Amino acid sequence: MVSRKTWRDFHKDIQLEVDNKVIDLPPVEGIIILNILSWGSGANPWGPEKEDQFAKPTHYDGMLEVVGVTGVVHMGQIQSGLRSAIRIAQGGHLRIKLHTEMPVQVDGEPWIQSSGKWWFSGQL
């Protein structure tokens, strides 16, 4: 919050691969990776079921869902149920490469993450 850096170019500062396929990120200011149906005290960023290229997520399917947010106002709208996040990808394995350091939060614990690569799996 005290940094002067904005994340309008977030989609250029990160590379996302899902199941070995590079994903072109839309112009979002952040992503949320889910392995359950809710986030942030019960909000459903994936949104209601709709006809698109994604399968209906469940907590036991071994998949990770990636959604994007356009800013803090969008996050508030998701929390209040007014909007859903932007569906980006769904898959069993994720690889993330950060080109610069950036704020990260996992299970409520925030920190500044240095650049590098990380792998995630939805499989137990």
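How many bridges join strand β1 to strand β6, and in which sense do the two strands run? Five bridges join β1 (residues 14-18) to β6 (residues 93-98), and the strands run antiparallel. Q15 stands opposite K97 in β6. Strands here are DSSP runs of E of at least two residues, and helices are runs of H or I of at least four, numbered from the N terminus. Two strands pair if DSSP finds at least two bridges between them.

The model is predicted: local features need pLDDT of at least 70, side-chain atom pairs count only at pLDDT 80 or more, and totals for chains, interfaces and linings use all residues. Residues are numbered from 1 along each chain as its sequence is written, and side-chain values use heavy atoms, with hydrogens and water left out.

β1 and β6 belong to an open sheet of four strands, in the order β2-β1-β6-β9, with antiparallel pairing. β2 (21-23) and β9 (116-121) stand at the edges with a single partner strand each, so one side of each lacks a neighbour in the sheet. The twist averages 25 degrees from one strand to the next (axes are lines fitted to C-alpha atoms, for helices over the stretch in contact; angles run from 0 to 180 degrees between N-to-C directions).

Strands β7 (residues 102-106) and β8 (residues 109-113) run antiparallel and are joined by five bridges. P103 has I112 in β8 as its bridge partner. Two residues lie between the strands of this hairpin, where D107 takes a positive phi near 50 degrees.

β4 and β5 also pair in the antiparallel sense, over five bridges. V66 is partnered by A89 in β5. Strand β5 (residues 86-91) is mostly covered, with five of its six residues buried. Buried means under 20% relative accessible area, exposed over 50%, and partly exposed in between (1.4 Å probe, protein chains only).

The structure holds one aromatic pair. The ring centres of W46 and F54 are 5.2 Å apart and the planes stand at 75 degrees, so the pair is edge-to-face. Rings of Phe, Tyr and Trp (its six-membered ring) pair with centres within 6.5 Å; planes under 30 degrees apart count as stacked, over 60 as edge-to-face and the rest as tilted. Both W46 and F54 are buried.
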